[in-house]
Structure formats: structure tokens, C-alpha cells
Amino acid sequence: MSYRIADALIAEENAKKLSAHEDEYAALQRKLARSGLDIERMVGKVAGFGVATPTWGVGTGGTRFARFPGPGEPRGIFDKLEDCATIQQLTRVTPACSPHVPWDKVADISELAEAARALGLSFDAVNSNTFQDQPGQPLSYKFGSLAHSDRSVRQQAVAHNLECIEIGRKLGSKALTVWIADGSNFPGQSNLNRVFDLYLESTAEIYRGLPDDWRLFLEHKLYEPAFYSTVIADWGSSLMAAQALGPRAHCLVDLGHHAPNVNIEQIVARLIRAGRLAGFHFNDSKYGDDDLDSGAIDPFRLFLVFNELVDAEARKAPGFAPAYMLDQSHNVTDPIESLMQSAIEVARAYAQALLVDRAALEAAQADNDALGAHRLLKAGFLTDVAPILAEARRRRGGALDPIAVYRKSNYRLRKTEERPAVAGSRSGIV
Ligand code: LRH
Ligand code: MN
């Protein structure tokens with residue numbers, strides 16, 4: 001029987017921290033009440049909030065230079081599900097995980113569905129992979145996949161995506177995320193128009209293979225691994241493709257897939273207005289697609305993104321149903337700790353955005369009171385919502401301090417005993 005953290009340990013540790021927590025909660029309750037805000041309503045909203053963990057994120061990540069696996073690494077998807085369940089057990093904000101095929105492919109998919117059900121987990125969007133060649137794969141994706149010049153390679157990539165839909169259907173997913181690495185490294189290497197047409201032609205076949213209640217998430221990325229042009233490089237290309245494909249095609253925003261200093265919250269506002277916001281791959285970055293922990297570098301940017309999301313939620317924007325997922329690479333931390341902290345940072349940005357007095361903000365904007373409007377918005381970001389987040393966790397059986405309980409449980413040490421180290425480290429993101 002593999003080790004699971006006992007709920008009794010969570011209760012025991014919560015009991016030690018309860019009076020301090022109740023103190024801070026009462027103080028925040030009084031503070032919010034002075035602005036006419038009901039803390040109980042906030043806790044209710046946050047308790048209903050969820051962000052999916054990436055199955056590929058619970059193993060130690062790496063770069064093209066090296067990957068330094070940590071102790072007790074997950075050996076495969078069943079170990080990964082255990083770790084995702086531990087993140088949910090302690091934070092109560094990650095009820096689903098997002099699988100990646102073929103990294104998570106097993107012979108009997110129903111066994112996987114059963115294992116997740118037993119751990120209290122569901123599956124969010126399934127991710128396809130035509131950015132690597134698999135052992136025994138007939139045709140290489142070296143020069144692209146859905147936009148490859150050779151029709152048989154495009155067909156191979158389409159078939160893979162249709163297989164991902166089949167696997168996702170058995171897991172209970174309701175969406176397929178398609179990110180392709182297709183692009184070029186030299187001006188002239190590819191015809192920038194033709195590759196987009198080929199992408200549309202291939203993706204239309206995938207779109208036709210979607211079950212009626214599914215959505216297709218198109219993920220744009222500025223560069224890497226292609227370093228001159230990328231077929232779906234930005235939100236404009238993604239939106240053009242989604243609108244060409246059909247009403248169930250949407251644009252997924254990975255925060256790390258933009259040039260530095262791009263106003264991502266405005267891109268989010270535009271995609272919401274178009275009714276085509278698929279959702280997010282949350283992470284943080286300073287330079288490129290660094291896949292760092294959400295909120296670790298620029299928590300204000302994350303808050304500004306959630307300000308657009310809460311605004312859309314408040315005005316019931318048509319077609320607004322974003323999927324929230326993390327997509328990170330944990331190269332120097334315990335991935336479970338990083339994912340717990342990141343999920344909490346995403347929930348924090350949501351809670352802070354809920355505190356913004358939108359009526360007063362609208363009035364200040366109408367009056368061109370620039371600083372007044374900015375201060376009203378910033379007031380949400382500057383409020384310490386930690387007691388709300390902790391109370392939402394506590395009421396759902398989670399830990400007031402997830403990382404403290406995780407460390408106290410020696411979960412990683414126990415997994416190191418259970419999971420013999422996988423010999424030899426290699427470079428690469430996973
Ligand atoms: C591409 C990406 C994509 C995943 C991969 C693991 O950079 O963000 O979402 O498939 O990372
Ligand atoms: Mn991503």
C-alpha cells in the first residue's frame with residue numbers, strides 16, 4: 001500500500017494554527033466589512049475556485065542543458081496521480097489534473113480513469129504532443145507536424161490528435177489542447193502563409209473529430225523551439241484560426257508564451273470580448289518561456305489578468321468559461337511544494353480581484369480620475385487575502401499551511417523509499 005498523508009495529521013497541524021488563523025480572519029472580516037464587503041461571500045467564491053495541475057509538472061523539470069532529478073521522482077502516470085492527489089488533499093484548490101499524451105499513455109486507459117477516481121481527481125484538457133518523435137514513429141516531426149510540407153506527416157499528426165481525443169473521452173476530459181512547435185529558423189525556410197493554411201487544413205480535421213460537448217484549445221507561443229517564425233506565434237494567429245475552425249475552437253493563453261512586457265491582460269480582455277478565451281497555462285517568467293512558479297516573479301501581472309477575468313464573470317460575458325491550468329517546470333524545488341504554492345498564488349490573484357470595488361472603479365474611469373482608478377484597482381492587490389484562502393482550504397478539509405504539513409509528513413522521504421531512483425539523468429524539460 002503506497003503512503004498517503006493521513007487527514008489526521010492535517011487536522012492536528014490545523015489545530016495548532018487555528019487561534020492565530022481565527023484572529024487574522026476576524027481582523028480581515030472587520031476590514032472588509034468597513035468597505036461593505038462580506039468575507040463569507042469571498043470564502044464561498046474561493047472555495048469554488050480550481051486550477052488543474054499538469055501531470056508533467058510533478059516530476060523534476062529541466063532545460064536543454066540538464067535535468068537534475070530529485071529523490072522519490074514519480075516513475076509514471078500512476079505515481080504522478082498520487083502526487084497530484086496530495087497537492088489537492090492539502091490545498092483543496094486543484095481537483096483536476098491535465099494529462100499529456102503520450103507521456104501519460106498506458107495500455108488500459110480505464111485503469112487510469114479508475115486510479116484517478118479512487119484518488120478523488122478528475123481530468124481537465126488533454127494535451128497532444130507532435131513536438132517530439134516517439135520510438136518507432138514512422139515519420140519525424142523535425143520539420144513540423146500539422147503544418148508540415150509533407151501531407152503524410154500532417155496526417156500522422158492529425159491521427160495522433162484524434163487518438164488523444166479518444167483517450168481523453170475515456171478519462172472524462174472535455175477539451176483537447178494543441179500546441180505545435182512548427183516554425184522555421186531561417187527567413188525563406190517556409191512560406192509564412194502556406195504553413196498557416198496547412199495548419200488550418202489539418203486542425204479542421206481534428207475539429208471534425210471533436211465529440212459534441214468538447215472544445216479545442218489552440219495554444220500560441222512566440223518562439224522556441226523555432227527561432228525565426230512560429231506558425232501560431234501570437235493571439236492574433238490563434239484567434240484567426242479559432243474563428244476559421246468553428247465556435248468550439250478557443251485560444252489558450254500560456255503566460256510565458258509572449259515577448260517580455262507584452263500586456264497579457266489586454267490580450268485576455270480581447271479574447272473574452274471575442275468569446276474565444278479557452279483558458280490558461282499559468283506560470284511566471286522574466287525573460288522567455290521560463291515556466292517558473294506562478295506569482296513568483298510578477299504577482300501584479302497575475303492579479304491584472306484575474307482583474308479581467310473577474311470583470312468578465314461579474315458582467316456575465318457571453319461564452320466565458322475559461323479552463324484554469326498550471327504549466328510549469330520545477331528544476332530546483334520539490335515539484336509538489338512548487339505546485340501547491342503556485343495553485344495558492346493563482347487563487348490569491350482571484351481573491352484579490354474579487355475585492356476590487358468595480359462600481360467605484362467604473363465611476364473613476366468615467367471621470368478620467370487616473371490615479372483614483374488605479375488606487376481602487378491596486379487596493380485589491382494590496383489586501384492580504386491569506387486568511388480567506390486558508391479558511392477556504394480549512395473548510396474543505398485542507399491544511400491551513402499546506403507546505404508545513406507536507407514537510408511534516410515526510411511524504412517525499414516516504415516516496416523515495418517506495419520509488420527506486422530512475423537511473424541516469426538526461427537533459428530536457430521532463
Ligand atoms: C509549450 C508548452 C505546452 C506543453 C508543453 C509542456 O511550451 O507550454 O503547453 O505541451 O509546454
Ligand atoms: Mn503551455
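Trainee: What makes E224 count as partly exposed?

Mentor: In this predicted model, E224 has a relative accessibility of 34%. Partly exposed covers the range between the buried limit of 20% and the exposed limit of 50%, so E224 counts as partly exposed. E224 sits in the loop between β7 and β8.

Trainee: Let us turn to the metal. Which residues hold the manganese ion (ligand 2), and how do you know that they are donors?

Mentor: The protein donors are E219 (OE), D254 (OD), H281 (ND1) and D327 (OD), at 2.1 to 2.2 Å from the ion. Donors must lie within 2.8 Å of the metal, so these atoms qualify. Their spacing in sequence reads E-x34-D-x26-H-x45-D. E219 lies in strand β7 (residues 215-219) and D254 in strand β9 (residues 249-254), so this pair ties together parts 35 residues apart in sequence. Both E219 and D254 are buried.

Trainee: What makes the arrangement around the manganese ion (ligand 2) octahedral?

Mentor: There are 6 donor atoms, subtending angles of 72 to 171 degrees. Six donors count as octahedral if opposite ones are over 155 degrees apart and all others between 65 and 115. The angles here make the arrangement octahedral. The ideal values would be 90 or 180 degrees for six octahedral donors.

Trainee: Why is β9 described as largely enclosed?

Mentor: 6 of the 6 residues of β9 are buried, so the rest of the structure largely encloses this strand. A249, C251 and V253 point one way, while H250, L252 and D254 point the other way.

Trainee: How do you know that β9 pairs with β7 and with β10?

Mentor: Pairing needs at least two bridges. β7 and β9 share 4 bridges in the parallel sense, with L216 partnered by A249. β9 and β10 also pair in the parallel sense over 4 bridges, and C251 stands opposite L277 in β10. The chain crosses from β9 through helix α8 (residues 264-273) to β10 in a right-handed β-α-β crossover.

Trainee: Last one: which residues touch the most other members of the largest nonpolar core?

Mentor: Y199, F280, F282 and F306 do, in a core of 113 residues. Helix α10 (residues 335-354) gives the most to this core, with 12 residues. Beyond four places in sequence, Y199 is in contact with residues including L146, I180, L218 and A241. There is also a second, separate core of 9 residues, with A52, A96, L252 and A323 among them.

How values were computed. Residues numbered from 1 in each chain as written. Chains lettered and ligands numbered in written order. Predicted model: local features only at pLDDT ≥ 70, side-chain atom pairs only at ≥ 80, totals over all residues. Heavy atoms only, no water. Donors = N, O, S within 2.8 Å, 3.2 Å for Na, K, Ca; no water. Tetrahedral: all angles 85-135°; square planar, octahedral: opposite > 155°, others 65-115°. Helix = DSSP H or I, 4+ residues; strand = E, 2+ residues; numbered from the N terminus. Buried < 20%, exposed > 50% of the residue type's maximum accessible area, 1.4 Å probe, protein only. Core = buried A, V, L, I, M, F, W, Y, C linked by side-chain atoms within 4.5 Å. Contact = heavy atoms within 4.5 Å. Right-handed = clockwise from strand over helix to strand, strands pointing away.
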